[in-house]
Amino acid sequence: MKAWHQTVARAAARDIFKREIDSFLPRRILDFHVHIFSSASRPDRSTPFSCAGHPLRSYTVDDFFDDCKAAYPRRQVSAVCFGMPFTAWNKRINDRYVLRACDFQRAFPVRLLDPEHDTPDEVRRDVIGHGYVGLKPYPDYVRKISPNVTRVPNMLPDSIMEIADDLGMFVVVHLPRPGRLADTVNRKDIARLCRRWTRAQIILAHVGRAYFLKNIVEGLDGLTEIPNLWFDTAMLNHWEVLAFLFKRADPRRLLFGSDAPIAFAPGKSVEINNQYTYITPAAWDLSIHDTSGKLVFTSFLYEELRAIRRAVEETGQSSSFVERLFFHNGMELLQRHCSRMRGEKNK
Ligand SMILES: [Zn+2]
């Protein structure tokens, strides 16, 4: 039995969906932030991945679509998928699994990017030959520099950005450094990256990791005008952060993302004194956990959807805004890359 099903009562979840989500959620959903992995990708077969405190030995594309079927009744779901970007994991096996699992109809593969081991030739061959639609670097892959001080260009060397630019790819960036979106160095690096490589599309995962209000209030300035910079909403549980973004960003550059499989686990991200933490029913190294069972939890996913709904309502967005966020923006981004690739093949 999977994490999400263990502690979230199905009847209670159905009730939340019916009362709070069903009338709001569009018929088509493209989830732009999904992690999948085979058990062979894990570093140590005996230790499972801790999915917000619940052991997962693998999370296949079928697991994801099964979870979606339960979480979003009567919705047509598609997904942009990548592996687990951890240095101890077998990236090659994970990337290959993602490629095999994605059918380019419902699921689209993104390649993890390790700047120390991936050569530009390999990346270009993989994209042109196998059809990866995007790249996902990660601060931890810059092994010699701590994620607290590393910089975006360390994660994304020019030789790789040249390919992303040439092939019109998107790059999902998980910002490093404790200041996240509000870090001046990060913001300069992102602005410079977008302005130098104008045909590449840069996606700030988790709204630049601005999980608490002060971070986006101090961090968004100057970024919303950049035409090739996008924001995904993965794991955002905070409606005020989303409302701040929805009021200022170009509505064509917002992408719904869940961060499955963690999204399906029970818990919530909360702001406390200009910081955030996760609260979960199970012990997890990233959370404070409810040892005495004081709270009844629902999934992070439903907290994400509640926050999006509230932010949409508070900022007076239209239903076409919601459809763009959940589906059309992401589809346009995928199509943009695909038409660029058709051009490449006809060369
Ligand atoms: Zn993620």
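User: Hi! Is His238 buried or exposed?
Analyst: Hi there! This is a predicted model, and in it His238 is buried, with 26 other C-beta atoms within 10 Å. The cut-off for buried is 20 or more, so His238 qualifies.

User: How many Å apart in space are His238 and Val171?
Analyst: From C-alpha to C-alpha, His238 and Val171 are 24 Å apart, and 67 residues separate them in sequence.

User: Let's talk about the core. How many residues does the largest nonpolar core have?
Analyst: The largest nonpolar core has 100 residues. Those with the most contacts inside it are Cys81, Val171, Ile203 and Leu242. Helix H12, which covers residues 300-314, gives the most to this core, with eight residues.

User: You mentioned Leu242. What does Leu242 touch, not counting residues up to four places away in sequence?
Analyst: Leu242 touches Thr233, Leu236, Ala307, Ile308 and Ala311, with those sequence neighbours left out.

User: So what is the angle at which H11 and H12 pack?
Analyst: Helix H11 (residues 239-248) packs against H12 at about 45 degrees, and their axes are 8 Å apart. That angle makes H11 oblique to H12. The crossing of these two helices is right-handed.

User: Which residues of H11 and H12 make the contact?
Analyst: On the H11 side, they are Trp239, Leu242, Ala243 and Phe246. H12 brings Ala307, Ile308, Arg310, Ala311, Val312 and Glu314. Sorted by class, the contact has eight nonpolar, no polar and two charged residues.

User: How far apart are Val312 and Leu301 in space?
Analyst: They are 16 Å apart, C-alpha to C-alpha, and eleven residues apart in sequence.

User: New topic: at what angle do H5 and H7 cross?
Analyst: Helix H5 (residues 120-130) and helix H7 (residues 158-166) cross at roughly 20 degrees, and their axes come within 9 Å. H5 and H7 are therefore roughly parallel to each other. Their crossing is right-handed.

User: What makes that contact?
Analyst: H5 supplies Pro120, Val123, Arg124 and Val127, while H7 supplies Ser159, Ile160 and Ile163. By class, these divide into five nonpolar, one polar and one charged.

User: Now the backbone. Which peptide bond is cis?
Analyst: The bond from Ala260 to Pro261 is cis, with omega near 5 degrees. Pro261 is in the loop between strand S10 (254-255) and strand S11 (268-272). For background, most peptide bonds are trans, and most residues other than glycine have a negative phi.

User: Okay, what about the phi of Arg177?
Analyst: Arg177 has a positive phi of about 70 degrees although it is not a glycine. Arg177 is found in the loop between strand S7 (170-173) and helix H8 (184-196). With 21 C-beta neighbours inside 10 Å, Arg177 counts as buried.

User: And the phi of Asn273?
Analyst: Asn273 is not a glycine either, but has a positive phi of about 50 degrees. Asn273 belongs to the loop between S11 and strand S12 (275-280). This residue counts as exposed, with 7 C-beta neighbours inside 10 Å.

User: One last pair. Are Ser146 and Arg10 buried or exposed?
Analyst: Ser146 is exposed, with 12 other C-beta atoms within 10 Å. Arg10 is exposed too, with 10 such atoms. Ser146 is in the loop between strand S6 (134-136) and helix H6 (152-155), whereas Arg10 is in helix H2 (residues 10-21).

User: How far is Arg10 from Ala70 in space?
Analyst: Arg10 and Ala70 are 8.6 Å apart, C-alpha to C-alpha, although they are 60 residues apart in sequence.

Notes:
Residues numbered from 1 in each chain as written. Predicted model: local features only at pLDDT ≥ 70, side-chain atom pairs only at ≥ 80, totals over all residues. Core = buried A, V, L, I, M, F, W, Y, C linked by C-beta atoms within 7 Å. Helix = DSSP H or I, 4+ residues; strand = E, 2+ residues; numbered from the N terminus. Contact = placed C-beta atoms within 7 Å. Axes fitted to C-alpha atoms, helices over the stretch in contact; angles between N-to-C directions. Parallel < 35°, antiparallel > 145°, perpendicular 65-115°, else oblique. Left-handed = near helix turned anticlockwise from the far one by under 90°. Nonpolar A, V, L, I, M, F, W, Y, C, P; charged D, E, K, R; others polar.
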